Amino acid sequence: MKNGLIYLLLGFALVCSSACVEEQDFDQLEDLQVTPTIEASILYIESPESVINLATGISFYANTFNFDAFNETFFADKVLDGVVIYEVENTTSKELDITVEFLDEAGNALDIEQFSVNPAPTALLRTEIAYGPGGRSLDIIRNTSAIRVSATNLGDNTSVSNLPDPKIILRSSGRFRIELVQ
Amino acid sequence: MRKRIFFIMAMLLWYGIVYTQNKQILYDFREIPQALLINPGMETPYAWYGGIPALSGISLQTGTNGITVHDIFADDGVDINLKVRERAVFGLGFRDELSGTFQLDILNGGFRDRNRPENFYSFGIYLEGDAIGYWPQDLAILGYEGNADALGRRFNLSHLKTKGELVNVFHFGLNKKLNRNLTVGARGKVYSSIFNFSSTRNKGYFVTNEGQNNLLSNTLVADMELRTSGLDEIDDILDDDSIDSGPALASLFRRRALLGGNLGLGVDVGFSYKLNRQTVVTGSLLDVGFIYHTKDVRRIRLQGEATVEGVEVILPDALLDPSADFWQDLVDEVEALVPFEDNVSKNYISFRPIKLNGSIRYDFEEPKTPRGEDCKCDYRVSGNRESPIDYLNSVGGHLYVIQRPRGPQAALTAFYQRRFGRALSLKATYTADKFTLTNVGLGMNLQAGPINFYFMADNLLGYRNLADSHYASFQLGLNIISWGSK
């Protein structure tokens, strides 16, 4: 009995005293990167052909929009690269020019994108502009606080497309990789 | 801000390392007075006992049912990004958790009624922390991968589920032997909450789809709430650079611990019943109680539904107001549809995590005299009382269940206890639960005259590499026990 007791105690002591921790490398945390890619729509503009026909000059629409999504500190400090996608759909009878400008706070144009679209029937015009390494400067995105859009009618002011509900539509979205942890 | 982050991280780490799901070794270990705290109806052999203040009951345990420290930080040459991606972000499910409770005995004592020796009273104060955080699976994936290339995928907001508290407990219990077979007990408790947080009823989702007008639509449907008490004042101290936050926090915690916090009431009940002379069933229900939070209370809520397709300009309507700020209008619209409320005055009630214990025990082999004759020679009796510990061996099973936000969690234990003379008792356990199926524990109780010392270690197989263990723990304590005169 005494021997059994001694063995039990020794076993218990051995287990407890032999507890060990294999060496861990916590410096690996410095290599950890968390870089999610987020995407969302940016701007949608739609104008029926009747509005284009009402305009007296060739420019039927021009406006500057406040747009603070890009220069929010959280986004501007962490964005790594990204793509802005434009899609233009023209079902009017007119040839149109659309210009999209990214402006800084002082109203200076940082980036300009121009789309020339033929009268209907025309294919959907889709353009992807890359920012960051291999593309345009990321500073354009970081410093954009407004977007100016202007549209020019290169056709007449009377014709109407045979297609139902003729319109010019500009769609756009952004897809950006941000660095949450490094 | 850095101090606040440090405090929150320290709290998370504390709950991460101080992790007690179950005290299966201590349960029904009748030689140890602290076992009364987990079954007030335990058979009590003592005349009186007094715990050494702050040393009578200390338990520390570590655990996780998902990944271990070793899984991520092992020096194995594998890129940590790969390990985090495969083992954490995409390796864990929303039912995986980091949870636990801990108790630290500050004061613990008990005595037998001289006039009614069937009554044994116990009292004390202990500090208890309880917290649970489930792995927010969808939110982790959203944060790690983003919403790109996830058209139509609903990121479930209900995966965010957490609650926790730090509370000081004042208790007084009565243990009564009703007859030779049945012992019952009850313990009343007053809770003095130091802080509490709860976010367990979240619902909703975030999804990205093809837009109706624009290229994409982002939809948020949210019904989320976080309730806290006691955290704002802590936050203020940590933010105040003009004071030394350490002593200020200690003073605040002390005041709240001594009935200056949000108060509550609770009760424990338990019993031991002898089916026959050698077979005993026991059970206990702990922490049936609540805390009413009226001080330093905050309620944060996000509730509503919104779909966004970017800034939308539709002519000719947009021409009516040339000075319109479409961006700000969009922001205002979303804030109106999904309002973020931060209410500092809403009182609330929190319920303690109820724990259930049940066991069956079979005792065998009576102590012998040196000449090998049966004897009633256990010294742990007082007066004419019979000793409830009159066999050398016990074997049995134990069931533990705790109420958690995603439903009850159970653990099943088989145990064997062996007593060696009057001084030593050993108990070995095997436990299966959601955290590990290889949990072997060992407990030792030493009685040297009136000095009682116990030490217990859990999941001993995990001690080969603690960093790779899902569960490791130890408990120890020091008491003075009087068994009364024979």
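Analyst: Chain B has seven helices and 22 strands, where helices (H or I, at least four residues) and strands (E, at least two) are DSSP runs numbered from the N terminus. This is a predicted model, in which local features need pLDDT of at least 70 and side-chain atom pairs count only at pLDDT 80 or more, while totals for chains, interfaces and linings use all residues. Residues are numbered from 1 along each chain as its sequence is written, chains are lettered from A and ligands numbered from 1 in the order in which they are written, and side-chain values use heavy atoms, with hydrogens and water left out.

User: What percentage of the residues in chain B is buried?

Analyst: A residue is called buried under 20% relative accessible area, exposed over 50%, and partly exposed in between, using a 1.4 Å probe and protein chains only. Chain B has 486 residues, and the buried ones make up 52%.

User: Which residues of helix α3 of chain B are buried, and why are they on the same side?

Analyst: The arc is taken from the directions that run from the helix axis to the C-beta atoms. In α3(B), which spans residues 80-89, the buried residues are B:I80, B:N81, B:K83, B:V84, B:A88 and B:V89. Because they cover an arc of only 155° around the axis, they lie on the same side of α3(B).

User: Which residue caps the N-terminal end of α3(B)?

Analyst: A polar contact is a pair of N or O atoms within 3.5 Å; within protein, one must be able to donate a hydrogen and the other to accept it, and residues adjacent in sequence count only if both atoms are side-chain atoms. At the N-terminal end of α3(B), a side-chain oxygen lies 3.0 Å from the backbone nitrogen of B:N81, and the capping residue that supplies this oxygen is B:D79.

User: Is B:T431 buried or exposed, and which residue makes a polar contact of 2.8 Å with its side chain?

Analyst: B:T431 lies in strand β19 of chain B, residues 424-432, and with a relative accessible area of 0% B:T431 is buried. Its contacts, meaning heavy atoms within 4.5 Å, include B:N22, B:Q24 and B:A411 when residues up to four places away in sequence are not counted. The side chain that makes the polar contact of 2.8 Å with that of B:T431 belongs to B:T413.

User: With which side chains does the side chain of B:Q24 make polar contacts?

Analyst: B:Q24 lies in the loop between α1 (2-17) and β1 (48-51) of chain B, and B:Q24 is buried, with a relative accessible area of 2%. At 2.9 Å, a polar contact joins the side chain of B:Q24 to that of B:T431. At 3.2 Å, another polar contact of the B:Q24 side chain is with the side chain of B:D458.

User: How much area is buried between chain A and chain B?

Analyst: Buried area is the accessible area (1.4 Å probe) that two parts lose on being put together, summed over both. In this model, 52 residues of chain A are in contact with 51 residues of chain B. Carbon and sulfur atoms give 64% of the area buried between the two chains, which is about 4400 Å².

User: Which residues form the salt bridge between chain A and chain B?

Analyst: A salt bridge is a side-chain nitrogen of Lys or Arg within 4 Å of a carboxyl oxygen of Asp or Glu. The count between chain A and chain B is one. Its closest N and O atoms are 2.9 Å apart, and the residues are B:D149 and A:R175.

User: Which element gives the most residues to the side of chain A that touches chain B?

Analyst: Among the elements that give two or more residues to this side of chain A are α1 (2-17), β1 (37-48) and β2 (59-66) of chain A. With twelve residues, the element that gives the most is β1(A).

User: Where is the cis peptide bond that involves B:P316?

Analyst: Most residues other than glycine have a negative phi, and most peptide bonds are trans. B:P316 lies in the loop between β13 (311-314) and α7 (326-337) of chain B. With omega near 10°, the cis bond runs from B:L315 to B:P316.

User: What is the phi of B:D28?

Analyst: B:D28 is in the loop between α1 and β1 of chain B, and B:D28 is buried, with a relative accessible area of 3%. Although B:D28 is not a glycine, its phi is positive, at about 60°.
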